[in-house]
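Here is a short briefing to read alongside the model. Take a look at the coordinates first, then follow the points below.

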Amino acid sequence: MILQMAKAGFYYTADIKGSDCVRCFCCYKELNNWDDSDDPWKEHLKHQSSCVFAQLQTEEANLSLSQLEGILIHREANRIVSILFS
Ligand SMILES: [Zn+2]
């Protein structure tokens, strides 16, 4: 499950001890309370349909350069928005 989470763009936040909360590197969406049967890609898109990385449903190693560039542009825009509205 950890590898599938990482491939779907998530990293562990460790914000609360014992939490399974993860955050997307692109849209910064946080998700927790995972079930073993959850598909990280499907959950990502379901809870943050605007995430360009989740929309691609393609792990990082298989992205084209233009796809990666688009993701990085959106990531930076999302980071700026999160700073302005936090
Ligand atoms: Zn995302």
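Helix 4 is hardly covered: 2 of its 20 residues count as buried, where buried means 20 or more other C-beta atoms within 10 Å of a residue's own, exposed means 12 or fewer, partly exposed is in between, and C-beta atoms are placed from the backbone. This is a predicted model, in which local features need pLDDT of at least 70, side-chain atom pairs count only at pLDDT 80 or more, and totals for chains, interfaces and linings use all residues. Residues are numbered from 1 along each chain as its sequence is written.

**Helix 4**
- Helix 4 covers residues 65-84 and spans 29 Å from first to last C-alpha, close to the expected 28 Å (1.5 Å times one less than its number of residues).
- Helices (H or I, at least four residues) and strands (E, at least two) are DSSP runs numbered from the N terminus.

**The largest nonpolar core**
- This core holds 13 residues, and F10, C24, C26, C51 and F53 have the most contacts inside it; a nonpolar core is a set of buried Ala, Val, Leu, Ile, Met, Phe, Trp, Tyr and Cys residues joined through C-beta atoms within 7 Å.
- Strand 2 (22-24) and helix 3 (52-56) each supply at least two of its residues, with helix 3 giving the most, 3 residues.

**F10 and C24**
- F10 sits in strand 1 (residues 10-12) and is buried because 23 other C-beta atoms lie within 10 Å.
- Beyond neighbours within four places in sequence, F10 is in contact with M5, V22, R23, C24 and P40 (contact means C-beta atoms, placed from the backbone, within 7 Å).
- With that exclusion of neighbours within four places, C24 is in contact with residues including G9, F10, H44, C51 and F53.

Note on methods:
Contact = placed C-beta atoms within 7 Å.
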